[in-house]
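Hi,

Here is the structure I promised to pass on.

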Amino acid sequence: MRKLFKLFTGIATLAAMSLTSPAHAECGEVSITEMDWASSQIVTEVSKFLMEQGYGCTVEKVPSATTTAVASLAENGKPDIVTELWLNSTGDVYSKMEADGKVERLGDVVSPGGVEGWWIPDYLAESNPELLTIEGIMANPELVGGQFNNCPDGWGCRIVNDNLIKALNLRGAIEIFDHGSGETLGASIAAAFEDKKPWFGYYWAPTAVLGKYPMVQVKIGDINEEAHADNSNADNADPKVSDFPPAPVLTVVNTELTEREPGVTELMSKVTFDVDLLNSLLAWQETENASAQEAAVYFLSNHSDVWSSWVDDTAREKLSALIK
């Protein structure tokens with residue numbers, strides 16, 4: 001893969017030097033966020049390559065995070081593209097910009113969105129299908145090792161989980177183990193899979209952990225948006241049961257880009273990764289100790305059926321000549 005990456009980068013560089021078609025020459029400078037987490041960095045590298053090699057853009061990556069990206073958009077309308085924006089982390093600032101017509105959401109970059117929930121390993125679900133509901137687990141706590149693996153203190157999911165635990169009266173049926181860090185939470189899943197032992201607890205996607213270890217989501221109950229929002233409040237005096245709704249994860253652009261670069265806008269509106277595919281890419285990246293660029297190369301080389309549907313005919317022809 002390292003050899004493929006070097007060859008691929010070299011071909012791309014030569015291609016960038018020879019962009020001469022009028023359609024490609026029309027694309028100018030475009031800026032895109034490079035968020036500080038792995039899945040977004042892969043999305044950015046893939047998008048950057050498609051824009052540069054398919055559309056002839058000059059792309060600038062802007063190191064960022066959710067709050068800083070939203071603040072920058074509010075203050076100066078930059079960067080042009082914010083990818084993997086978790087809507088539930090933006091507060092009212094983004095909503096106001098959208099209402100004022102300063103930004104536009106192009107689509108869901110992660111489908112069906114950011115996934116949260118309570119999980120058991122696939123081998124446990126296969127041998128004990130009654131554990132696929134919270135009622136089944138509470139009736140048979142010994143089958144999941146008698147323990148719920150909770151989020152660390154200070155995480156938003158810890159507040160939601162604690163409220164759900166109270167609403168379900170789960171603490172009376174099972175031991176609640178509060179992890180001290182995300183690393184120990186993920187490591188507990190790896191250890192369970194190594195020995196095929198029971199495991200039950202919270203996790204989320206897109207992540208390398210759910211890419212490496214096949215997990216099955218436990219049904220907590222129906223999704224109640226209002227109850228879930230209330231469960232995010234640590235002072236909720238009357239928590240109610242609700243499963244975790246998918247979190248909207250968006251590609252957002254400033255409205256100036258939609259006028260200046262309609263082709264790029266159309267492209268970015270179609271860039272959507274299934275959450276299971278992102279999980280597998282993250283798992284590959286971690287296993288191979290690869291960079292985000294190398295993970296992007298891996299995706300582009302192995303999933304042409306996905307990215308080829310995002311680009312226009314001219315870009316598809318040019319990219320197909322590069323990616324074989």
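First, the ground rules. This is a predicted model, so local features need pLDDT of at least 70 and side-chain atom pairs count only at pLDDT 80 or more, while totals for chains, interfaces and linings use all residues. Residues are numbered from 1 along each chain as its sequence is written, and side-chain values use heavy atoms, with hydrogens and water left out.

**Cores**

By nonpolar core I mean a set of buried Ala, Val, Leu, Ile, Met, Phe, Trp, Tyr and Cys residues joined through side-chain atoms within 4.5 Å. Buried is under 20% relative accessible area, exposed is over 50%, and partly exposed is in between (1.4 Å probe, protein chains only). The largest nonpolar core has 82 residues, and the members touching the most others are Trp118, Phe200, Phe273, Phe299 and Trp310. Helix H3 (residues 38-55) is the top contributor to this core, with 7 residues. There is also a second, separate core of 11 residues, with Val70, Tyr94, Met97 and Leu250 among them. As for the labels, helices (H or I, at least four residues) and strands (E, at least two) are DSSP runs, numbered from the N terminus.

**H3 against H15**

H3 packs on helix H15 (residues 292-302) at an angle of about 65 degrees, with the axes 8 Å apart. Those axes are lines fitted to C-alpha atoms, for helices over the stretch in contact, and angles run from 0 to 180 degrees between N-to-C directions. The H3 and H15 crossing is right-handed: a crossing gets that name if the near helix is turned clockwise from the far one by less than a right angle, and left-handed if anticlockwise.

Which residues meet there? From H3 they are Gln41, Ile42, Glu45, Val46, Phe49 and Leu50, and from H15 they are Ala292, Gln293, Ala295, Ala296, Phe299 and Leu300. Contact here means heavy atoms within 4.5 Å. Sorted by class, the H3 and H15 contact has 9 nonpolar, 2 polar and 1 charged residues. For the classes, Ala, Val, Leu, Ile, Met, Phe, Trp, Tyr, Cys and Pro count as nonpolar, Asp, Glu, Lys and Arg as charged, and the others, Gly among them, as polar.

**H17**

In helix H17 (residues 313-322), the buried residues include Ala315, Leu319 and Leu322. Looking down the H17 axis, the buried residues fall within an arc of 45 degrees, so they line one face of the helix; the arc is that of the directions from the helix axis to the C-beta atoms. On the face of H17 turned away from the buried side you will find the exposed residues Asp313 and Glu317.

Most residues other than glycine have a negative phi, and most peptide bonds are trans. Lysine 78 to proline 79 is a cis peptide bond, with omega near 0 degrees, and proline 79 lies in the loop between helix H4 (66-76) and strand E3 (81-86). Serine 111 and proline 112 are also joined by a cis bond, with omega about 5 degrees.

Glutamate 84 has a positive phi, near 55 degrees. Glutamate 84 sits in strand E3 and is buried, at 1% relative accessible area. Lysine 196 has a positive phi near 55 degrees, but lysine 196 is exposed, at 53%.

**A few single residues**

Tryptophan 204 is found in strand E9 (residues 201-205), and leaving aside neighbours within four places in sequence, it contacts Val115, Glu116, Trp119, Trp155, Leu185 and Leu210.

Glutamate 261 is in the loop between helix H12 (255-260) and helix H13 (262-270), and counts as buried at 7% relative accessibility. Not counting residues up to four places away in sequence, glutamate 261 touches Glu26, Cys27, Gly28 and Val30.

Cheers
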